[in-house]
Amino acid sequence: RGSVVGGSALVEPNVTSKAYPADIIAAEPTEWLEWDYDDLQRIIDAPGWRAVQASFYHLLYLELLGTLDRDRASRKTAE
């Protein structure tokens with residue numbers, strides 16, 4: 001399964017000028033793909049690539065839901 005690190009920059013461009021707030025450490029052998037921000041933004045915004053745009057935002061949405069669920073669960077166990 002894929003994951004996006006720094007995906008919020010696609011909807012909040014001003015975060016690209018800041019350092020990423022966490023260290024990312026892989027727990028197992030990992031393959032990654034890396035894109036230039038401007039190139040990726042152009043591909044996602046291209047009219048003929050709407051399926052790519054929808055897929056990318058779907059992935060980001062699922063990651064957001066997972067993060068919110070984990071945060072909610074950790075707050076419940078802390079109480």
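Predicted model: local features only at pLDDT ≥ 70, side-chain atom pairs only at ≥ 80, totals over all residues.
How exposed is L65, in terms of relative accessible area? L65 is partly exposed, at 34%. The class follows from the cut-offs, because buried means under 20% relative accessible area, exposed means over 50%, and partly exposed lies in between (1.4 Å probe, protein chains only). Residues are numbered from 1 along each chain as its sequence is written, and side-chain values use heavy atoms, with hydrogens and water left out.

L65 belongs to helix 2. Helices here are DSSP runs (H or I, at least four residues), numbered from the N terminus. L65 also contributes to a nonpolar surface patch of about 450 Å². Patches are made of residues with over 30% relative accessible area and no salt bridge; nonpolar side chains (Val, Leu, Ile, Met, Phe, Trp, Tyr) are joined within 5 Å, and like charges within 9 Å. Accessible areas come from the Shrake-Rupley method with a 1.4 Å probe, and for residues only the protein chains shown count as cover.

The largest pocket has a volume of about 1,700 Å³. Of its 42 lining residues, S3, V4, V5, G6 and G7 are the closest to the centre. A pocket is an open set of points on a 1 Å grid over the protein atoms alone, where a 1.4 Å probe fits, with protein on both sides within 12 Å along at least five of seven lines; lining residues have an atom within 4 Å of a point. Grid points are joined across faces, edges and corners, and the volume is the space filled by probe spheres set on the points.

Helix 1 (37–45) and helix 2 (50–78) each supply at least two residues of this lining. Helix 2 gives the most, with 11 residues. By class, the lining has 26 nonpolar, 9 polar and 7 charged residues. Ala, Val, Leu, Ile, Met, Phe, Trp, Tyr, Cys and Pro count as nonpolar, Asp, Glu, Lys and Arg as charged, and the others, Gly among them, as polar.

The structure holds 3 salt bridges. A salt bridge is a side-chain nitrogen of Lys or Arg within 4 Å of a carboxyl oxygen of Asp or Glu. One of them pairs D39 with R42, with the closest N and O atoms 2.4 Å apart. Both residues lie in helix 1, 3 residues apart, about one turn of the helix. D39 is partly exposed at 36% relative accessibility, whereas R42 is exposed at 53%.

In helix 2, R72 and D69 are 3 residues apart, about one turn of the helix. They form a salt bridge, and their closest N and O atoms are 3.2 Å apart. R72 is partly exposed at 45%, and D69 is partly exposed at 44%. R75 and D71 also lie in helix 2, 4 residues apart, again about one turn. Their closest N and O atoms are 2.3 Å apart in the salt bridge. R75 is exposed at 51%; D71 is partly exposed at 33%.

S8 is found in the segment before helix 1. S8 is partly exposed, with a relative accessible area of 46%. S8 and D38 are 30 residues apart in sequence and 14 Å apart in space, C-alpha to C-alpha.
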